[in-house]
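Visitor: I'd like to learn how to read this model one feature at a time. Please give me the idea, then the case.

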Amino acid sequence: MSQTAVDVPPKGGFSFDLCKRNDMLTQKGLKAPSFLKTGTTIVGLIFKDGVILGADTRATEGPIVADKNCEKIHYMAPNIYCCGAGTAADTEAVTDMVSSQLRLHRYQTGRDSRVITALTLLKKHLFSYQGHVSAALVLGGVDITGPHLHTIYPHGSTDTLPFATMGSGSLAAMSVFEAKYKEGLTRDEGIKLVAEAICSGIFNDLGSGSNVDICVITKGNKEYLRNYMEPNPRTYVSSKGYSFTKKTEVLLTKITPLLERVEITEVGEAMEE
Amino acid sequence: MDLNLDAPHSMGTTIIGVTYNGGVVLGADSRTSTGMYVANRASDKITQLTDNVYVCRSGSAADSQVVSDYVRYFLHQHTIQLGQPATVKVSANLIRMLAYNNKNMLQTGLIVGGWDKYEGGKIYGIPLGGTVVEQPFAIGGSGSSYLYGFFDQAWKENMTKEEAEVSILISMLMP
């Protein structure tokens with residue numbers, strides 16, 4: 001029997017073999033399945049007392065709107081939130097993962113999480129996947145060292161800025177910020193500016209739409225304003241309501257409570273030598 | 001015009017390091033671009049490694065940030081073990097080890113500059129392949145092509161701090 005080569009066990013880390021296979025298939029003409037992307041406009045800005053994050057709520061799958069009211073502002077820690085643009089699964093997974101890691105870290109250190117910790121965990125993860133995890137994030141929060149706002153790109157680079165925008169609507173939103181941002185904004189001015197920037201993305205970018213979500217984080221307090229603004233309400237609703245044809249049967253609902261299972265343990269005899 | 005917003009962030013950059021008669025002066029522009037879009041117009045490309053050593057980053061933003069983070073960590077350990085500030089030569093060599101051993105995966109050109117008590121002010125250029133070259137002045141980044149001629153004419157030995165700063169300011173203004 002001929003000697004076959006010894007199989008070298010994988011050295012650990014991400015295996016890029018499937019990426020090569022996918023490239024080969026696309027070259028042969030196979031269309032890759034489309035991702036659920038969050039087209040998106042996400043923004044963040046630092047105001048007098050902390051950080052305000054904003055996002056639109058449209059999730060697209062190619063040309064179709066898959067979710068008209070999705071949540072793009074993800075919880076990382078009580079004092080840290082993260083907006084995500086790019087592939088919806090990637091942003092959800094990576095923010096959930098780092099949120100868990102932060103919680104374990106809090107238990108271990110006994111202190112509140114710092115924004116820079118979340119930043120380092122995210123950038124290390126994204127860099128090790130060399131851009132294949134398509135998550136572009138705006139991370140903001142207030143910790144013991146003050147308010148912080150960072151952007152994180154899919155390849156793992158980060159920037160620290162006083163105001164930031166990401167996603168397909170970032171150009172529209174950035175133009176609003178560049179025109180109107182100034183340091184030391186009050187809470188109401190900041191919210192108004194963030195809403196304006198997101199609206200600019202919603203109306204001028206096809207990948208963004210529906211409502212505006214806002215999250216205000218200050219020292220010791222956070223306010224998640226889900227659907228703060230709804231500039232695209234459904235204007236026509238049928239007044240006749242919906243009726244089902246006669247052939248549709250509505251079955252009776254009967255709920256039978258389950259019997260409680262009681263186990264009786266017999267007291268065994270004590271062991272005797 | 002194709003705004004490829006998914007392109008990896010590169011730092012289409014000009015970075016410069018110049019020695020003068022008391023130390024070194026480092027300069028860099030502040031633009032980070034993705035394709036044709038300016039992702040960050042206020043980025044800080046001069047990153048601190050230790051109290052006395054800084055590095056100018058160019059090329060891929062992610063790669064250069066990761067390399068400088070690793071080297072900062074190594075230098076911190078090295079400083080503790082050595083019991084005195086790290087030298088510029090050691091910093092440059094640590095960067096070179098990472099750049100050379102990972103040359104297939106990294107795309108970043110760096111200029112290390114600093115001052116230590118043994119050699120004074122020193123500049124080390126570490127371009128793409130992982131070479132390390134000690135130079136009296138170094139330029140890097142895509143914008144440096146325009147500066148080879150300028151520095152040939154403008155640079156001279158033993159400049160004062162003001163002359164060094166002025167030459168860097170003038171070269172940043174070149175297209």
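Guide: Let's start at the surface: A:D188 counts as exposed, at 55% relative accessibility (buried is under 20% relative accessible area, exposed is over 50%, and partly exposed is in between, with a 1.4 Å probe and protein chains only). Before we go on, this is a predicted model, so local features need pLDDT of at least 70 and side-chain atom pairs count only at pLDDT 80 or more, while totals for chains, interfaces and linings use all residues. Residues are numbered from 1 along each chain as its sequence is written, chains are lettered from A and ligands numbered from 1 in the order in which they are written, and side-chain values use heavy atoms, leaving out hydrogens and water.

Visitor: Which side chain meets that of A:D188 in a salt bridge?

Guide: The general idea is that side chains of opposite charge can pair when their charged atoms come close. Here the partner is A:R187, at 3.6 Å from N to O (the rule wants a side-chain nitrogen of Lys or Arg within 4 Å of a carboxyl oxygen of Asp or Glu). A:R187 itself is partly exposed, at 30% relative accessibility.

Visitor: Where do A:R226 and A:D213 lie?

Guide: Their side chains meet in a salt bridge at 2.6 Å, N to O. This pair links distant parts of the chain, with A:R226 in strand β12 of chain A and A:D213 in strand β11 (residues 212–218), 13 residues apart. Helices here are DSSP runs (H or I, at least four residues), as are strands (E, at least two), numbered from the N terminus. Check the burial too: A:D213 is buried, at 0% relative accessibility, whereas A:R226 is partly exposed, at 28%.

Visitor: How many residues apart are B:R72 and B:D69?

Guide: An α-helix has 3.6 residues a turn, so residues three or four places apart point the same way. B:R72 and B:D69 are 3 residues apart in helix α1 of chain B, about one turn, and their side chains form a salt bridge at 3.2 Å, N to O. B:R72 is partly exposed at 31%, and B:D69 is partly exposed at 26%.

Visitor: Which residues are linked in a network of salt bridges?

Guide: B:K89, B:E119, B:K122 and B:E134. Over all chains, the rule counts 15 salt bridges.

Visitor: Let's do the interface. How many residues of chain B are in contact with chain A?

Guide: Chain B puts in 15 residues against 16 of chain A (contact means heavy atoms within 4.5 Å). Together the two chains bury about 1,400 Å², 54% of it on carbon and sulfur atoms; that is the accessible area (1.4 Å probe) the two parts lose on being put together, summed over both. There are 2 salt bridges between them, and B:R41 with A:E178 form a salt bridge at 2.5 Å, N to O.

Visitor: Which elements of chain B give two or more residues to that side?

Guide: β4 (37–40) and α1 (61–82) of chain B. Of these, α1(B) gives the most, with 6 residues. By type, the chain B side divides into 8 nonpolar, 4 polar and 3 charged residues (Ala, Val, Leu, Ile, Met, Phe, Trp, Tyr, Cys and Pro count as nonpolar, Asp, Glu, Lys and Arg as charged, and the others, Gly among them, as polar).

Visitor: What covers the buried residues of α4(A)?

Guide: The cover includes β1 (42–46), β10 (163–166) and α5 (187–204) of chain A, together with β4 of chain B. The buried residues of α4 (170–180) of chain A include A:M174, A:V176 and A:F177.

Visitor: How many helices and strands are there in chain B?

Guide: 4 helices and 10 strands, in the order β-β-β-β-β-β-α-α-β-β-β-β-α-α. Its radius of gyration is 16 Å, close to the 16 Å from the globule rule for 175 residues, so chain B is as compact as a globular protein of that length (C-alpha atoms; the rule is 2.2 Å times the number of residues to the power 0.38). Buried residues make up 47% of chain B.

Visitor: Last one, backbone angles. What is phi of B:N158 near?

Guide: Most residues other than glycine have a negative phi. B:N158 has a positive one, near 55°, and is found in the loop between α3 (147–154) and α4 (161–172) of chain B. B:N158 is exposed, with 62% relative accessible area. In chain A, look at A:Q130: phi is near 50°, and the residue is in the loop between α3 (115–128) and β7 (135–143). A:Q130 counts as partly exposed, at 34%.
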